[in-house]
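I opened this model with my notebook beside me. Here is what I looked up, entry by entry.

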Amino acid sequence: MGIELAPQQTVLHDMDELSFTDSELDYHVRNALKAAVQGDCDSYNQLVAVIHHKERLVPEEVALLMTCLKALTGAVSCMHIVHHRSLLAAIFGMSLWNYGTDVMDALVELLISLAASSGQYVDLCLEMLVTNFMPPSSSSTYFIELLKQPRGIDKKHQVLDRVHSTFQDIANLVPLSPLRLEKIVRDRMPNIYTKEPFIVMYVENMLTLESGAAGKLVGGSMLVAIMDRLIDLDVEIAWDDILQDDFSKGIFDMELEDLEGFSDHVQQDGDELTRESLMQRFFGGNLVAEKLDSLLVLTFEHLESCSGSGRLIQVFETLLQSFQKTVLTAYKSKFAQFVMFYACSLDPENCGKMFVSTLVNIFVSGVSPAWRMSAVAYLASYLSRAKFVAPSFVAATLESLVNWCFDYCNKQDGDINPRAHKIFYSGCQAIMYVLCFRMRSIISVPRLRSQLLLMRIEDILRHPLKPLEVCLPSIVEEFLRLAKRNRIFSVPDTFVDYGMLESELSRAFGGIERLDTFFPFDPYLLRKSDRFIRPNFVYWSMVRNSYYEDDEDESASDEDIAEAGISIADDISVDEGDAHLDEFDYALDKMSITPRDSSTKFGGRIQGFVQMPSKIRPSTSPESL
Amino acid sequence: MEGLKESEANLVVYLHPSMAKCVNDAILRELSSLLFTYSETFDGVVLAYDPNVRSNLAKILPGIHPYLGVRLKAKLLLFSPKPNMLLEGEVVKISRQSIHAVILGFSSAVIADEDIRDEFKYKVKHGKEVFVSRHHKKHKIKVGTMIRFLVKSFDEEILHISGSLVAVHTGCARWLDANLEEWSQADRANAQQPKLFVGMILILIFAEALALYGLIVGIILSSRAGQSRAD
């Protein structure tokens, strides 16, 4: 028989002879396996040699391999895990990526029958399939190049379709296999240092599992593992990579302009810093950021498809639990929380409200103070930045926040004390931040305007605990300016630190983690996934334009001091070295109260501001100089 | 079905102090972690539980985390197949070399071809694979049939059973239930040897005929004897 002889030449010769029936082959293979148990390994070794042969197979060798695999499928009950170690190792060492579809099908059939025949092989089969989520590492460069071409994409679909349908077939025969699969997939998840195409492909497979037939069983832990990985990548991106900006500017000035199109630049003097080039500069060479970007694109697309198939709410519940465990407690995560933002944008009624109510609960009745402050920061940032949140909902949530703060300060009779009442101060800051963004939209609806007026915001702000002095000065300043302009509240005029971003007191209540300057949903800086977030995001420029567009004429006189916050130094330079000098000059400038010649800028350059990205500044701001 | 048993267990469940407010939920969560795993203490796979907490008092363990030990009695449904037990399950796949079935929806069973008795022959009918008995054409095993088989071995880690269809009272459960009641054990043995049965009937008939002849001869002889006495 053909198999008995050495594989290379004689196989070709014998394949021309009579074709062998399936039962003859079965019989031969079984004999080979049984003989190997006894100790006679000749035929057995030839069998192993055929399986190992994988380089550049000619069609006859492919046919031989396929017949061997099919015969083995029938002889599975004769296999022994110890005596046939080398054969099993050869089988599990095969990678579907190296072969054509015929061999893939035969191999997959063999795996299914192995898994069903005995419990010992189930884990091994599942592990081999999970390893096939990615191309074999030995020829990784070849496959990375191949995957950029259409035939590479075809190959990927062939392999992955077979892998996932095999999971399904094994689950039909061995009902408990999804539990083992879940554990194996989690354990084998690539770490954050793996090359980008591999980690992206693995996560893509995890998401396919989540939306597949076994999704109900394994989906939850897949999502949790993906969120964990996103946070790991997020934490790897250092803050100094992102910004070198001027800490003395106001929080609201530091925001990137929302340029409508990249070609719409109003001419500017000095360097032109478009958003695109800033992103490129900060993230161009940063591998971790690119990985995170691609993974976020995958996640957003998956959420979109979940929403299309109506599963978004269940998926969101899992995400929300994961958020509370990992994202909320991570130290200032930068981008991972946008997963929640996007999910809420797909379904504001259910998911958005669930998100907000969870955050309010954590703030009002949570246990750890840091998490409560973090939760209210998320809440404030979300309510301000989400375009899809209705003003009435914002007003209702604000009311609950205000009521909590009001009850709190009624029980206190002490004086200003940032550390002791940090939760209260963070709540006040959140209220002011939300109102900075949403005042206009709330006031424009008469019912909400009266609701706003009935809230006890003035009482809170006038309380001896003096939140206006403790909270972040730039926010306070903006809030007061808006309050005065819209004639909503009457608040004291006297306060210090115009134009300063932060003060000693705000640092004190923020603590070591600087939760006073934590605005989680600040403008998004990752390039590829930006297109998902942009349509739903409120930029400060959009809001501010709506406030100031009626008041261009009044700008010069009473706004001179406040202007210092808005205007920008003419010679912003990208260079780090110069930036320090600029900050110094700028700080000197601010000490004077002569009005700057900002009318040209104010009226004419509303759209053309050249700005640095607004994000949370590094916590070591004064020391960084 | 053999292999299922109900037992009462006295358990102590240790709960983290943070669960002190929702003890019942915590107990259920702890017990649910036992499901579908083989436990040596209970000698079986826990399929269902019914806890009954008797008292409100719990012992507090000394240590870094003061765990609460709650005593309870629970009724447990256990599945513990032992060799030579008779089990039933639904067939999910048939191939020439094996029959695969799923027991109680979670445990997979495989019967290799050397454990299927020669009575069953593998056929492909209308594109579907089926095992048909040679003696009774109606006795078929195909995908979706409930089969009854004997346990050969049980892999406790993945809850995998290897079974055998060698014994006579194994096969398609519905056919066995319908047809086995009409036959006693001995006749079943006879019924499996139809040639012997026919031979026995023939001998019975001939013996009866012979006996009839003997009866006629006897009557004639006795009547002749009666006649000569009368003379």
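**Entry 1: an arginine in a helix.** I looked up A:R229 and found it in helix 12 (residues 215–236) of chain A. Helices here are DSSP runs of H or I with at least four residues, strands are runs of E with at least two, and both are numbered from the N terminus. I then asked: is A:R229 buried or exposed? A:R229 is buried, at a relative accessible area of 15%. (Buried means under 20% relative accessible area, exposed over 50%, and partly exposed in between, with a 1.4 Å probe and protein chains only.) Setting aside neighbours within four places in sequence, I listed the contacts of A:R229 as A:M189, A:P190, A:N191, A:I192 and A:I199. (Contact means heavy atoms within 4.5 Å.)

**Entry 2: how the model was made and read.** This is a predicted model, in which local features need pLDDT of at least 70 and side-chain atom pairs count only at pLDDT 80 or more, while totals for chains, interfaces and linings use all residues. Residues are numbered from 1 along each chain as its sequence is written, chains are lettered from A and ligands numbered from 1 in the order in which they are written, and side-chain values use heavy atoms, leaving out hydrogens and water. The scores I noted are ipTM 0.74 and pTM 0.76. Chain B has an average pLDDT of 88, with 94% of its residues at 70 or above. (pLDDT is the predictor's confidence in each residue, from 0 to 100.)

**Entry 3: the cores.** The largest nonpolar core holds 191 residues, and A:L72, A:F355, A:Y382 and A:L435 touch the most other members. (Such a core is a set of buried Ala, Val, Leu, Ile, Met, Phe, Trp, Tyr and Cys residues joined through side-chain atoms within 4.5 Å.) Helix 21 (residues 422–443) of chain A gives the most to this core, 15 residues. Another core lies apart from it, with 29 residues, including B:F79 and B:L176.

**Entry 4: an enclosed helix.** Helix 19 (residues 369–385) of chain A reaches 24 Å from first to last C-alpha over its 17 residues, close to the expected 24 Å. (The expected span is 1.5 Å times one less than the number of residues.) In helix 19 of chain A, 14 of the 17 residues are buried, so the rest of the structure largely encloses it.

**Entry 5: a sheet in chain B.** I found an open sheet of 3 strands in chain B, with order 9-10-11 and antiparallel pairing. (Two strands pair if DSSP finds at least two bridges between them.) Strands 9 (120–125) and 11 (140–142) of chain B are at the edges with a single partner strand each, so one side of each has no neighbour in the sheet. Strand 9 of chain B pairs with strand 10 (residues 128–133) over 6 bridges.
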